[in-house]
Amino acid sequence: MAEIYYSLVTILLVTVVSPFVASLIPGRAVPEVVFLVFGGAICGKFGLAGINPDLEPVKLLADLGMGFLFLKAGYEIDTRDLLGRTGAYAAGSWLVSLGLGFAVVALVFSRLGFGQSSWVALAICMTTTAYGTLAPIMHDRRLQGTRVGKAVDVYGSLGEILPVLAMAFLLSSRSLARTGALLLAFVLVCLAVYLLSSKVRDGGRRFRRFLVENAGSSSQPLMRLVILLLVFLLFATTMFEFDAALGAFAAGLILRALFPNGSEPLEQKIDVISNSFFQPVFFVVSGASLDLAAATRDLPLLLGFILALVVVRGFVVAASLKADPSTRDMDWHEVFSTSAYCTMALPLIVAITSLARDGGLLSATAASVLVTSAALTVLIVPTITSFVRVVEEVAPASAAHQIARHEAPLEQVLHDHLDTFHERQQAFHDVRRSVHREGRRFSSAEYFAHPHEHGLHHPHGERHPHAAHGTHATPGTRATGEKDAASRDEARS
């Protein structure tokens, strides 16, 4: 019992320190999820040994944290988007990624010592998107409802659901017919849960009135009902031998179907219980199994798998966004950010490599390297997407276009773009300080998502009132550059 409490105290210590450390980085370029994962790795069984992730109570808490994480992710999804044109393109892009993954494994990873028995697991790993991990990052950066947020919702959720189904069919020792029958049974269970819940909501007036009237009471019956829904579907996936993420995601979809217009009081209660305890515990425990030292001993595999994720998942998502008529007009930074977010791949790779390791398809060292690579994507991607803002402010494409068309001397173009960059940098930092004084976070991603809300670019080419003074660009060039910036902002909105 003492070992359990010792591990739990260490886990909670990491959860308390991580958000503070994340707040010290300017612009919150690195989300706290990264510090939770790597804090768990440092304190885990291959580090300081303060956390034992193999203890059953610790596993249970982590599973519940994963459950709340995916319940919230499923709740954010609009099923109409999944079933619409963008959903079709997202599903098609995942199938392309799977085929490309097999090709990459056969041509590249076979030369790194991986036999054919491991090819299926590796190919599925390359197609995953850590949508459960993405959801809190998207929330912190206020990307919900933006074009990037909507695209990530669709591509990310299918990048989580489809690999889970692929695991069930391709990595299971069961026959395809039996797996299909069990999947159908699980779908019927979810449908029965939804119909029963909706009947209680619409027909059981007395019970419904009790839930509504006592939602804020000490008994919290509505939250207890939500937790019952989650745990029951986690139990169902365990009985049907599917990954628990599928049940948690289904619970979120059912909850959204029951509250199609949302329920702010319910969402706040879920956030409190999830964000304060279960969700960070899941991330810390996920990191506690990482062997960072073993991963560094096989750098070709570590870096090669990250590159494979970029090619197999990132490039394909980018191509799909440009092929889809509804997202074809997205700016380059929106396409880049969406594609980069979709390469984040931590939680499911933990599940896939664990299953492959238990089945003798992967060695423990190889599995640890792959999981560490996935953990690094959680560090690299949010950082890179934050620096996209800096590249956008310099506007290299516009500068190259001006130089190619000889609109101004090279020195003048570079001078003007650097002046614009410094001016907008000052405006960005002024607004960020103002937002921080209000006690709220402000990231580079939010800057792109809500430019007009913060007045970072004023329409009609006028300078922002907080912008830096003393620039020396010629009036004609500056007006043209600001008009282009205003046009880009209008397109982003």
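Author: Begin with one definition. A polar contact is a pair of N or O atoms within 3.5 Å; within protein, one must be able to donate a hydrogen and the other to accept it. The model here is predicted. In it, a polar atom of the Ser93 side chain lies 2.7 Å from the backbone oxygen of Ala90.

Reader: Where is Ser93 found?

Author: Ser93 belongs to helix H5, residues 85-107. An α-helix has 3.6 residues a turn, so residues three or four places apart point the same way.

Reader: Is Ser93 buried or exposed?

Author: Buried means under 20% relative accessible area. Ser93 has 4%, so it is buried. Leaving out residues up to four places away in sequence, Ser93 touches Tyr155, Arg313, Val316 and Ser320.

Reader: Now the whole chain. How many helices and strands does it have?

Author: There are 22 helices and zero strands. Of the 493 residues, 51% count as buried. Take the contacts with a separation of 6 or more: residues 24 or more positions apart account for 77% of them.

Reader: Which residues touch the most other members of the largest nonpolar core?

Author: Phe109 and Tyr341 do, in a core of 125 residues. Helix H8, residues 147-170, gives the largest share of this core, with twelve residues. With neighbours within four places in sequence set aside, Phe109 contacts Val104, Phe114, Leu122, Met126, Leu301, Gly304, Phe305 and Ala308.

Reader: Why is helix H7 described as largely enclosed by the rest of the structure?

Author: Count its buried residues. Eight of the ten residues in H7, 131-140, are buried, so the rest of the structure largely encloses this helix. Among the buried ones are Tyr131, Pro136 and Met138. Just after H7, Arg142 takes a positive phi of about 55 degrees.

Reader: Next, aromatic rings. How many aromatic pairs are there?

Author: Ring centres must lie within 6.5 Å to pair. The count is eight aromatic pairs. Take Phe277 and Phe278: their ring centres are 4.9 Å apart and their planes meet at 75 degrees, so the pair is edge-to-face. An angle over 60 degrees is what that label needs. Phe277 is partly exposed, at 23% relative accessibility, whereas Phe278 is buried, at 14%. Together with Phe68, Phe277 and Phe278 form one aromatic cluster.

Reader: Last, cysteines. How many disulfides are counted?

Author: The test is a pair of cysteine sulfur atoms within 2.5 Å. The count comes to zero disulfides. Cys342 is buried, with a relative accessible area of 0%. Cys43 also counts as buried, at 15%.

Note on methods. Residues numbered from 1 in each chain as written. Predicted model: local features only at pLDDT ≥ 70, side-chain atom pairs only at ≥ 80, totals over all residues. Heavy atoms only, no water. Phe/Tyr/Trp six-rings, centres within 6.5 Å; stacked < 30°, edge-to-face > 60°. Buried < 20%, exposed > 50% of the residue type's maximum accessible area, 1.4 Å probe, protein only. Core = buried A, V, L, I, M, F, W, Y, C linked by side-chain atoms within 4.5 Å. Helix = DSSP H or I, 4+ residues; strand = E, 2+ residues; numbered from the N terminus. Contact = heavy atoms within 4.5 Å.
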